[in-house]
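Below are some notes to read alongside the model, as numbered points.

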Amino acid sequence: MRTPLIAGNWKMYKNINEAAELATTLKNVLKDVAADKAEVAICPPFTDLQVVSAVIKGTNIRLGAQNMYAAQEGAFTGEISPLMLRSAGVHYVILGHSERRQYFKETNEDINKKIKMAIEHSLFPILCVGEKLEERENGTTFNVIKTQLTGCLAGIPKDKIGSIVVAYEPIWAIGTGKTATPDQAQEVHKFIRETLVSLYDQVTADAVRIQYGGSVKADNAKTLMNMPDIDGALVGGASLKADSFEAIVKFYK
Ligand code: PEP
């Protein structure tokens, strides 16, 4: 049984005070979500990690980061290492988000290095994959997803794949208000699982959680999350307010 993971990606929103306030509200409203029904994570900006970590300490809410550099330490001005994330109490790290790929030119090779380094330091990567609108329209969605998965997972052995969560995030659905239909999402999630079977094996692939992300809201969460290969959600905009994030999480209560 795969426990769904609902993760909130706060992107570049919330200063320290706002982050503490949102985390405190979430801690209160989500306290009775059973850990075996759903796992919840929040991924604030780096500067908020420490304060949010203190707020959610002792709860079932996990802390996630939105990026990481693939080195332990060194002269890499402006970057944050896996050891720094660990010392701030981070459990998950989002890697390969489409905004990182698009605006910061991250390649599958870069993401692969980050995933390896994250796992080496006992962090749990949330690997984002997804196609652009023109790729969906020209029928290359599956090729794009396969290339992303094989590139990002290259050299990652079977016994490590259990620490990875995959997030399918069609780029045309992120922050646009357009959501993939449950059938469209399920089709790609199934393809992702089949690709994992071909890279590893059925048992390994069956254990990997595959989240859907792209304009998930309380009113579309239910039908998406009912699909057999959708194991939770990576939520952007709707995770910035406690009531909308709570409404998505409470679907699993
Ligand atoms: C995201 O940032 O990963 C995301 C899915 O955003 P939104 O929910 O706003 O589309």
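1. Ala247 is found in helix α11, where helices (H or I, at least four residues) and strands (E, at least two) are DSSP runs, numbered from the N terminus. At 36% relative accessibility, Ala247 is partly exposed; buried means under 20% relative accessible area, exposed over 50%, and partly exposed in between, with a 1.4 Å probe and protein chains only. Ala247 and Ala221 are separated by 26 residues in sequence, and their C-alpha atoms are 9.1 Å apart in space.

2. A word on conventions. This is a predicted model, in which local features need pLDDT of at least 70 and side-chain atom pairs count only at pLDDT 80 or more, while totals for chains, interfaces and linings use all residues. Residues are numbered from 1 along each chain as its sequence is written, and side-chain values use heavy atoms, with hydrogens and water left out.

3. How does α11 meet α1? The axes of helix α1 (residues 16-29) and helix α11 (residues 242-249) come within 10 Å and cross at roughly 35 degrees; axes are lines fitted to C-alpha atoms, for helices over the stretch in contact, and angles run from 0 to 180 degrees between N-to-C directions. The crossing of α1 and α11 is right-handed, a label given when the near helix is turned clockwise from the far one by less than a right angle, with anticlockwise being left-handed. On the α1 side the contact uses Leu22, Thr25, Leu26 and Val29, and on the α11 side Ala242, Phe245 and Glu246. Contact means heavy atoms within 4.5 Å.

4. Helix α5 (residues 108-120) passes a simple length check: at 1.5 Å a residue, its 13 residues should span 18 Å, and its end C-alpha atoms are 18 Å apart, which agrees. The expected span is 1.5 Å times one less than the number of residues. Buried residues in α5 are Asn108, Ile111, Asn112, Lys114, Ile115, Met117, Ala118 and Ile119. Their cover includes the helices α3 (82-87), α4 (98-103) and α7 (141-152), along with the strands β4 (92-95) and β5 (124-129).

5. Ser122 lies in the loop between α5 and β5 and has a phi near 60 degrees, a positive value in a residue other than glycine. Ser215, in the loop between β7 (210-213) and α10 (218-225), also has a positive phi, about 55 degrees, without being a glycine. Are these serines buried or partly exposed? Ser122 counts as partly exposed at 44% relative accessibility, whereas Ser215 is buried at 11%.

6. On aromatic rings, the count comes to 4 pairs. Rings of Phe, Tyr and Trp (its six-membered ring) pair if their centres lie within 6.5 Å; planes under 30 degrees apart count as stacked, over 60 as edge-to-face and the rest as tilted. One of the pairs is Tyr69 with Phe76, which is tilted, at 4.6 Å centre to centre and 40 degrees between the planes. Tyr69 is partly exposed, at 27%, and Phe76 is partly exposed too, at 35%. Phe142 and Phe191 have ring centres 4.2 Å apart and planes at 0 degrees, so this pair is stacked. Because Phe142 lies in helix α7 and Phe191 in helix α8 (residues 182-199), the pair ties together parts that are 49 residues apart in sequence.

7. Phe142 is partly exposed, at 32%, and Phe191 is buried, at 15%. Leaving aside neighbours within four places in sequence, Phe142 is in contact with Glu187, Val188 and Phe191. Phe142 and Gly155 are 13 residues apart in sequence, with C-alpha atoms 21 Å apart.

8. Thr141 is also found in helix α7, and is buried at 7% relative accessibility. Beyond neighbours within four places in sequence, Thr141 is in contact with Glu131, Glu135, Arg136 and Val188. In helix α8, Gln186 is buried at 11% and touches Met227, Pro228, Asp229 and Ile230, not counting residues up to four places away in sequence.

9. Lastly, a charge and a ring: the charged end of Arg100 sits over the ring of Phe104, 4.1 Å from the ring centre. The rule here asks for NZ of Lys or CZ of Arg within 6 Å of the ring centre and within 35 degrees of the ring normal.
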